[in-house]
Structure formats: structure tokens, C-alpha cells
Amino acid sequence: MRIIITGGTGLIGRALIRWLSPAGHEIIVLSRHPGRANLPHAALPVFWDGINVGDWARLVDGADVVVNLAGENIAGTGAIPAQWTKARKRRILESRVNATNVLVSAMAQAQTKPKVLVQGSAVGYYGGRLDDVVLDESAPPGDDFLADVVVHWEAASKPVEEMGVRLAIARTGLVLSATGGSLPRTLTPFKFFLGGPLGHGRQWWPWIHIRDEVRALAFLMMEERASGPFNLTAPNPVTNREFALILGKVMGRPAFLSAPAFALRAGLGEMADLLLKGQRVVPKRLLELGFQFEFPDLEPALRDLL
Ligand SMILES: NC(=O)c1ccc[n+]([C@@H]2O[C@H](COP(=O)([O-])OP(=O)(O)OC[C@H]3O[C@@H](n4cnc5c(N)ncnc54)[C@H](OP(=O)(O)O)[C@@H]3O)[C@@H](O)[C@H]2O)c1
């Protein structure tokens, strides 16, 4: 199969390429910096700018699968999360919507359309919340900045359905990986015996092990009954307090020093909501289609990663 991946140089994309590689697919990664991509050798990096249809579009013609993961990192790529300045907020939104629009245009021009678009999305769709309401894919969108981004991001992918392309939307939770994303940052205070919940710790954290994330993406590619939104989160989400306790246990470190909400807000501004609010999301539609999680519970997932 020919598989096109945008954002394939990122945390999830690289893991997905490694997962798909043994099957011998032709994997093409659309990247703004193909020369620097340093991808697993099964993948071919090809230049795109995420804004304009270019030469890359001929590779979309006749491709079997397109996976759209491109987008400015929500928390920034440094050791400390980056504030949501006005300019960063614009990049977070526009990078996703522009990349999706241009991909959809390339698919519209293709004589032989891909069979499926696996569209990146996030549980941020449901908004940052402090309640215990269980959210499946039928829950309505929230009304904060990230929810607005996700609603526009998903909406930009919808035209492919009219082209007869199956659209599976991957509403991903907090991806746990030892090599990137939020987990390495979360570990730091624990390493120094300073770990604990963030704020009151009652906010839900809908986590997923990176291996289940890529297994679920591959499942959405191959499973012909899979269309519409899917929550990519472990079936057993935990509150932030439980997350801290289990992480402390796995690391053999205390987990009772809570980081005060006011300090996080002072340091991170609006972005602190990403940590201080959450969503109790469950993967109802994946389970209905028979997807089996390798890591449904947090403690074995963290033991595997750490
Ligand atoms: N990791 C998580 O916990 C998580 C949770 C929920 C949702 N998601 C979503 O899933 C997608 C992949 O996540 P990830 O963690 O793998 O992200 P990542 O590591 O930040 O990688 C995203 C990729 O998108 C491309 N990109 C960045 N800025 C861009 C821009 N301005 N225009 C076009 N492309 C740009 C980059 O590729 P090039 O530099 O090669 O162009 C980058 O490698 C993201 O859209 C993210 O929002 C992730």
C-alpha cells in the first residue's frame, strides 16, 4: 500500500512509521524539512509547505491511505511548555487548518482517490472540563480555544466524504511515550522528589500508551467499518491525582507535593488549562469495533515505558 503521512516527523508519526515498516508499505512523509527529517529508512520524506498544493500532490493520486497529523505543537517543543501567545495561537490553528485544506485539495484533484483519510484530532474537542461526566464520541464540543481549533481542524477534513473517501477522525488523548510528548516533562519533578498532582488533581487525564495510539491509527486505516470520530484514549482514564500517585509508585518517588494552580497560571497563562482541566473520555467506538488495547490500565503502561 502507498501511505502518505503529514506530520510524520513528529512523535506519533515516527512511531507509526516504525509500526508500519515491517509490512513493506510504500510510506511517504510530507515534511517542511525533508532534508532534516532523519526518518526510519522505510519512509521517504518529500517536501511540502503545508499551505500550497505542490509536486507532492501527484503522490496523493493513487495512494491508498492518507494520515494527517501535521500541526504546530500545542505545548511547544522546549523543556518547559510554551505560553499561548496570540501569534502561537494563530499558528496552532492555521497550521492544522491550512495543512488539512491543502491535503483535501490534492485529494480533490486526484484521479484515483485514496481509500481513507485518517484525520488527526484531539480530545481537546470536548473542551477543558472539571467535571466527572463520561464523554464518548457523541458528546458535544467544548467552547474554549482548543475546542475551537479542533472543531475547525475536523471540519476542514469533511469534504473528502463527498469524494467517496472514508474519513476516520482520531480524537487523540494524552500520548504517553518515553521519547517525547508530555511524559518526559512530567517525570522531571518526580526525579527530584518534588512530584505530585497539578492543582487539586481532580481533573481527568485521558491518556494512551504510544503503542496503542499507533495500533489504533493502523486499525482505523484498515478497518473499513471505521468512519467518523474515534476517541483514541485508554478505556480506563484516571484523574491527575491518580496519575501522579501511580507515576510516583512506578518511579519509587513520593507524589504528594501538589503544584499550586495559581503558580501554573502565573507561569503558563491560558496554556495552564491544558494541565489544570481535562476530560473523562472513553474510546466507545473503538471498543465497539473490536479494537483491543494492549495497555488499558495506567500502571502497566508506565512500567512498560519507564
Ligand atoms: N502527542 C499528543 O499527546 C497528542 C495528543 C492529541 C493530539 N495530538 C495531535 O496529533 C498530531 C501529531 O502529534 P505529535 O505529538 O506527533 O506532534 P509533533 O511531534 O509536534 O509533530 C507534528 C508535526 O507537524 C509538523 N508541523 C509542525 N508545525 C507545522 C506547521 N506550522 N505547518 C505544517 N506542519 C507543521 C511537523 O512536521 P515537519 O516539521 O516535518 O513539517 C511536526 O513533526 C498533532 O497535530 C497533535 O496536535 C497529539
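This talk goes through the ligand site, a surface patch, some loop residues and the salt bridges of one predicted model.

First, the ground rules. The model is predicted, so I take local features only at pLDDT of at least 70 and side-chain atom pairs only at pLDDT 80 or more, while totals for chains, interfaces and linings use all residues. Residues are numbered from 1 along each chain as its sequence is written, and side-chain values use heavy atoms, with hydrogens and water left out.

Let me start with the ligand. There are 22 residues around the ligand, and Thr-9, Ile-12, Ser-31, Arg-32 and Arg-96 come nearest; a residue belongs to this shell if one of its heavy atoms lies within 4 Å of the ligand. By type, the shell divides into 8 nonpolar, 11 polar and 3 charged residues. The classes are as follows: Ala, Val, Leu, Ile, Met, Phe, Trp, Tyr, Cys and Pro are nonpolar, Asp, Glu, Lys and Arg are charged, and the others, Gly among them, are polar.

Which backbone atoms lie 3.0 Å or 3.1 Å from an oxygen atom of the ligand? For Leu-69, a backbone N or O atom lies 3.0 Å from a ligand oxygen. A polar backbone atom of Gly-71 is 3.1 Å from an oxygen atom of the ligand, and for a polar backbone atom of Val-175 the distance is 3.0 Å. A polar contact here is a pair of N or O atoms within 3.5 Å; within protein, one must be able to donate a hydrogen and the other to accept it, and residues adjacent in sequence count only if both atoms are side-chain atoms. On its own the ligand has 880 Å² of accessible area, and the protein covers 83% of that. Accessible areas come from the Shrake-Rupley method with a 1.4 Å probe, and for residues only the protein chains shown count as cover. Helix 1 (11-20), helix 3 (86-109), strand 5 (116-122) and strand 8 (174-176) are the elements that give two or more residues to the shell. Helices (H or I, at least four residues) and strands (E, at least two) are DSSP runs, numbered from the N terminus.

Next, the loop between helix 6 (182-191) and strand 9 (204-205), where Phe-192 sits. Phe-192 counts as exposed, at 57% relative accessibility; buried means under 20%, exposed over 50%, and partly exposed in between, with a 1.4 Å probe and protein chains only. Together with Leu-194, Phe-256 and Leu-257, Phe-192 forms a nonpolar surface patch of about 480 Å² of accessible area. Patch members have over 30% relative accessible area and no salt bridge; like charges are joined within 9 Å, and nonpolar side chains (Val, Leu, Ile, Met, Phe, Trp, Tyr) within 5 Å.

Phe-193 is in this loop too, and its phi is positive, near 65°, although the residue is not a glycine. Gln-203 also lies in the loop between helix 6 and strand 9. Is Gln-203 buried or exposed? Gln-203 is buried, at 1% relative accessible area. Polar atoms of its side chain lie 2.9 Å from the backbone oxygen of Leu-198 and 2.9 Å from the backbone oxygen of Leu-275.

Asn-38 is another non-glycine residue with a positive phi, about 45°. Its loop runs between strand 2 (26-31) and strand 3 (43-47), and Asn-38 is exposed at 67% relative accessibility.

Last, the salt bridges. The whole structure has 18 of them, each a side-chain nitrogen of Lys or Arg within 4 Å of a carboxyl oxygen of Asp or Glu. Glu-26 pairs with Arg-2, the closest N and O atoms being 3.3 Å apart. This pair links strand 2 to strand 1 (residues 2-6), across 24 residues.

Arg-211 and Asp-304 form a salt bridge with closest N and O atoms 3.7 Å apart. Arg-211 is in helix 7 and Asp-304 in helix 12 (residues 298-305), so the bridge ties together parts 93 residues apart in sequence.

Within helix 12, Arg-303 and Glu-299 are about one helical turn apart because they are 4 residues apart. Their salt bridge has closest N and O atoms at 2.9 Å. Arg-303 is partly exposed at 43% relative accessibility, and Glu-299 is partly exposed at 22%. Finally, salt bridges with shared partners join Arg-211, Asp-212, Arg-215, Glu-294 and Asp-304 into one network.
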